[in-house]
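Reader: I am new to this structure and would like to take a close look at a single part of it before trying to follow the rest.

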Amino acid sequence: MTTTPTKQTTADLDDLACALFRPLNLDDLLAALPGLLAAALGDGLEWRVRIAADDRPFEAPALAEARWQVSLPLRHDGRLLGAIVAGSRKAVAPDWWDEDRAGRAASLIAAAIDHHQRAARPAGRLASQGAHLRSDLAAILSHEMRTPLASIKGYASALLLEDAYWDEETRREFLLAIDAETDHLTQLIEDVLDASIIEAGALRIEPEPILLPHMVRRAIDKLALRTDRHRFVLSFPPDFPAVMADALRIDQVLSNLLDNAVKYSPQGGLIVVSGRVAGDEVVVSVADQGIGIAPEHLNKLFERYFRASTNGRRVAGTGLGLPISDAIIRAHGGRIWAESTVGQGTVFSFTLPLAPRDTETDAEGS
Ligand code: ADP
């Protein structure tokens with residue numbers, strides 16, 4: 001049905017702009033467009049919108065029964081994203097038709113389309129990055145996220161049960177489990193993000209003087225709360241020097257090595273963190289008495305997603321912690337490696353230069 005076109009009196013297009021950026025995705029936006037255009041420009045016209053697929057040429061939409069029609073190209077940043085056609089069964093434009101205002105509305109719509117297309121892009125880009133990355137990520141997400149999510153859901157649902165009464169101690173136990181699983185999920189997401197930052201060559205190091213023995217002590221104190229099977233020993237000479245390094249990133253490396261030392265020593269045992277000065281660098285080692293690593297796996301540890309077998313025992317992890325640690329240490333101009341004997345334990349060591357060196361990141365000029 002076509003009504004007599006009436007002029008839209010709103011002076012500016014702010015309402016249109018707000019409405020355009022609000023939809024969750026492009027499909028929602030396209031569905032809402034005719035209504036938004038009528039509200040912003042004037043009532044009583046017919047509207048057709050066509051969006052070009054992947055910037056390819058497209059056929060402009062047409063209104064078969066219109067006697068008057070006008071086409072508004074949707075351009076943004078020099079790209080033709082599509083076109084809008086407005087039409088009327090009357091032979092002339094409605095008297096309120098304002099070509100300039102319609103053009104400004106079209107620019108806004110093009111910017112919104114570009115915005116929604118960009119928002120949808122990361123998933124698309126991931127999808128095109130080769131089957132192996134896709135399946136690795138899918139495997140991590142399905143495997144590693146499902147377990148913590150299931151227990152968060154389970155504990156939360158239990159707490160919400162209307163008919164159940166939980167005493168204070170049980171409630172606290174459930175909440176602690178939710179808290180721990182949420183930390184686990186956060187770590188997982190951070191690992192995946194860090195891996196992509198590193199892959200994009202965007203890892204930045206902000207050096208400041210750091211006292212490694214203090215940092216190790218703090219990391220141990222935090223971890224010791226989660227295990228009563230392991231004992232921790234800290235062994236640094238009293239005159240161990242401060243080094244210039246990125247505190248957050250080195251803390252991340254230490255936490256990862258300590259976490260692994262606990263994770264891969266299911267029977268417990270001693271975990272020794274030691275430090276020494278060797279020439280113009282410091283060497284920090286984390287030694288455990290855990291399951292150890294087979295010689296043929298030692299040189300694969302720093303490859304993304306690599307996980308050595310754990311004799312059928314399920315150990316949560318992504319295979320991203322060590323490659324991330326490796327990238328962080330190398331960005332500082334240091335090295336990281338492992339020595340191990342199956343069934344006896346593993347020692348991970350890394351070096352940091354005493355004086356800052358040209359790092360790989362600097363060398364790339366990024
Ligand atoms: P994740 O622990 O999440 O699997 P990492 O990159 O931190 O990922 O470690 C990669 C693999 O190296 C682990 O899956 C495990 O097989 C092995 N690994 C790491 N640290 C130890 C350790 N201290 N003892 C035995 N194996 C280890």
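Which residue in β9 is the bridge partner of Val-233?

Author: The bridge partner of Val-233 in β9 is Val-272, and what follows refers to a predicted model rather than to an experimental structure. The two strands concerned, β7 and β9 (residues 269-278), pair in the parallel sense over six bridges. In general, strands of a sheet pair through backbone hydrogen bonds, in either a parallel or an antiparallel way.

The pair belongs to an open sheet of five strands, which run in the order β7-β9-β10-β12-β11 and whose pairing is mixed. At its edges stand β7 (230-235) and β11 (336-341), each of which pairs on one side only. From one strand to the next, the twist of this sheet averages 15 degrees.

His-230 counts as buried because its relative accessibility is 9%, and the cut-off for a buried residue is under 20%. Its side chain is joined to the side chain of Thr-227 by a polar contact of 2.7 Å, while the backbone oxygen of Ser-265 lies 2.8 Å from a polar atom of the His-230 side chain. If residues up to four places away in sequence are not counted, His-230 touches Val-262, Ser-265, Gly-268, Gly-269 and Ile-271.

Helix α7 (residues 247-263) lies across β7, β9, β10 (281-287), β11 and β12 (345-353), and runs at about 170 degrees to β12. Helix α9 also packs on the sheet, where it touches β11 and β12, and its direction makes about 25 degrees with that of β12. Because 10 of the 11 residues of α9 (residues 321-331) are buried, this helix is largely enclosed by the rest of the structure. Among the buried residues of α9 are Gly-321, Leu-322, Pro-323, Ser-325 and Asp-326. After α9 comes Gly-333, whose phi is positive, near 85 degrees.

A polar side-chain atom of Asn-260 lies 2.8 Å from an oxygen atom of the ligand. With Ala-308 it is a backbone N or O atom that lies 2.9 Å from a ligand oxygen, and with Gly-319 a backbone N or O atom lies 3.2 Å from an oxygen of the ligand.

Elsewhere in the chain there is another open sheet, of three strands in the order β3-β5-β4, with antiparallel pairing. Its edges are β3 and β4, and each has a single partner strand, so one side of each is left without a neighbour in the sheet. Direction ignored, neighbouring strands of this sheet are turned by 20 degrees against each other on average. Between β4 and β5 (residues 79-88) the antiparallel pairing extends over nine bridges, and Pro-73 stands opposite Ala-83 in β5. Helix α2 (residues 26-41) packs on this sheet, touching β3 and β5, with a direction that makes about 135 degrees with that of β3.

In the loop between β3 (46-51) and β4 (68-76) lies Arg-67, which counts as exposed because its relative accessibility is 62%. Leaving aside neighbours within four places in sequence, Arg-67 is in contact with Ser-88, Arg-89, Lys-90 and Ala-91. Arg-67 and Val-92 are 25 residues apart in sequence, and their C-alpha atoms are 7.6 Å apart.

It remains to set these parts within the whole. The chain has 10 helices and 12 strands, and 40% of its 366 residues count as buried. Of the contacts in the chain with a separation of 6 or more, 70% come from residues 24 or more positions apart. The pLDDT averages 83 over the chain, and 84% of the residues score at least 70. Over residues 1-11, however, pLDDT stays under 50, and the model has 23 contacts beyond four places in sequence for them. Over residues 360-366 the pLDDT is likewise below 50, and this stretch has seven contacts in the model beyond near neighbours in sequence.

Technical notes. Residues are numbered from 1 along each chain as its sequence is written. This is a predicted model: local features need pLDDT of at least 70, side-chain atom pairs count only at pLDDT 80 or more; totals for chains, interfaces and linings use all residues. Side-chain values use heavy atoms; hydrogens and water are left out. Helices (H or I, at least four residues) and strands (E, at least two) are DSSP runs, numbered from the N terminus. Buried means under 20% relative accessible area, exposed over 50%, partly exposed in between (1.4 Å probe, protein chains only). Contact means heavy atoms within 4.5 Å. pLDDT is the predictor's confidence in each residue, from 0 to 100. Two strands pair if DSSP finds at least two bridges between them. Axes are lines fitted to C-alpha atoms, for helices over the stretch in contact, and angles run from 0 to 180 degrees between N-to-C directions. A polar contact is a pair of N or O atoms within 3.5 Å; within protein, one must be able to donate a hydrogen and the other to accept it, and residues adjacent in sequence count only if both atoms are side-chain atoms.
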